[in-house]
Amino acid sequence: VAEKVSPTVEKVSPTAEKEAALNAVTTAKANVDKTLAASRETFRDASKAKATTERAVVDAQNKLQAAQKAAKAKGLNAEAKKRRVQAVAQAKTDKAAAIKAAAETKKTFTAADKAVKSGTAEAKKLDSAKAKAAKDLTATKTRVAKEERARNEAARKKAVADKAAAEKARKKAAEASAKAKKAAAKKAKKDKEVAAAKAKKAAAKKAKKDKEVAAAKAKKAAARAKREAAAAAKKAKKDKEVAAKNAKIAAEKRKKFEADAKAKAAELKKLEATAAKLEKQTAERIEKAKKVSREQTEAAAKLQEQQIKDLAKLKEAQAKLAADAAKVAGDAKAAAEAEAAQKALVK
């Protein structure tokens, strides 16, 4: 199946075609010159070989004649005559070989001569073709330059004409635009008046409708507000009762916390007096123990140690009682704050 060839062919410039043709001829001429040089070298070698083989044939002929003359000499014995006959035969063989070699070299010479003549003729043809291609290239360049100048001139004239036509079209378009603007302004004014009348009518209609809707909504809102106010009053009354009850409970708690705080304070004061008394007794006993004899020192030390332990326990109880008193005071303060908050809520 033959391949489909696209009908689109890239256009080649005439100058490029002529340059390609000149390059092709130049390349062919160079190849022919190279071949012709080789053929001439072969021809020279063949000429030398031909001359050599021709001289060899002449030499062989001379040797044959000399051998034949020597074989015809008189007074030769049989052995000498035999040797000379053999020399003649050998001379004939050498002559035949020389003639054959001369024929071969002549054939080679003829072929080389023919190749040289053919190559020279081909070179002359290519020289003519090269000169013609160079001439064609020069003529093509001149023609292309002339055509390019003509095209440029035509393009310049067309540009001038296009510019004049564009200016004419611009003026015409400006006139049409002015007319269109005038007509559009007139139509816009009329449309504006019509739209204003419609808008005024629609606004009056909408205002009436909005007024009716607003009146209905206000009536509904008043009824809803009345219901919500009644519910809020009922809830406020209930909240006030609950707050009064909570205030009473808070007052009772505060009084209880204050009584507990007073009791704890009295107990703490009593405990502090006891501790002070114990400390004083301990000091006296220690002082007294210093004055006893050596035998009583150990007992006094034990007593002193026990009194120190008792004093430590007493201080620990005192600290605990102070912490409890502080907690009770805090609870009383919190109760007082809660009572104040409930009273404020009742108000």
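Helices (H or I, at least four residues) and strands (E, at least two) are DSSP runs, numbered from the N terminus. The structure is a predicted model, in which local features need pLDDT of at least 70 and side-chain atom pairs count only at pLDDT 80 or more, while totals for chains, interfaces and linings use all residues. Residues are numbered from 1 along each chain as its sequence is written, and side-chain values use heavy atoms, with hydrogens and water left out.

**Exercise 1.** Determine how E147 and R143 are placed relative to each other in helix α2, and classify the accessibility of each residue.

*Solution.* 
Step 1. E147 and R143 form a salt bridge (a side-chain nitrogen of Lys or Arg within 4 Å of a carboxyl oxygen of Asp or Glu), with the closest N and O atoms 3.0 Å apart.
Step 2. Because the two residues lie 4 residues apart in helix α2, about one helical turn separates E147 from R143.
Step 3. Buried means under 20% relative accessible area, exposed over 50%, and partly exposed in between (1.4 Å probe, protein chains only). E147 has 34% relative accessibility and is therefore partly exposed; R143, at 37%, is likewise partly exposed.

**Exercise 2.** Describe the surroundings of T140.

*Solution.* 
Step 1. T140 belongs to helix α2, which comprises residues 78-291.
Step 2. With 5% relative accessibility, T140 is buried.
Step 3. The T140 side chain reaches the backbone oxygen of D136 at 2.6 Å.
Step 4. Apart from neighbours within four places in sequence, T140 is in contact (heavy atoms within 4.5 Å) with P14, T15 and K18.

**Exercise 3.** Identify the residues of the largest nonpolar core and the elements that give two or more residues to this core.

*Solution.* 
Step 1. A nonpolar core is a set of buried Ala, Val, Leu, Ile, Met, Phe, Trp, Tyr and Cys residues joined through side-chain atoms within 4.5 Å.
Step 2. The largest such core has 7 residues: L268, L271, A275, L278, L311, L314 and L321.
Step 3. Two or more residues come from each of α2 and α3; α2 gives the most, with 4 residues.
Step 4. Not counting residues up to four places away in sequence, L311 touches A275, L278 and E279.

Notes. Polar contact = N/O pair within 3.5 Å; in protein donor to acceptor, adjacent residues only side chain to side chain.
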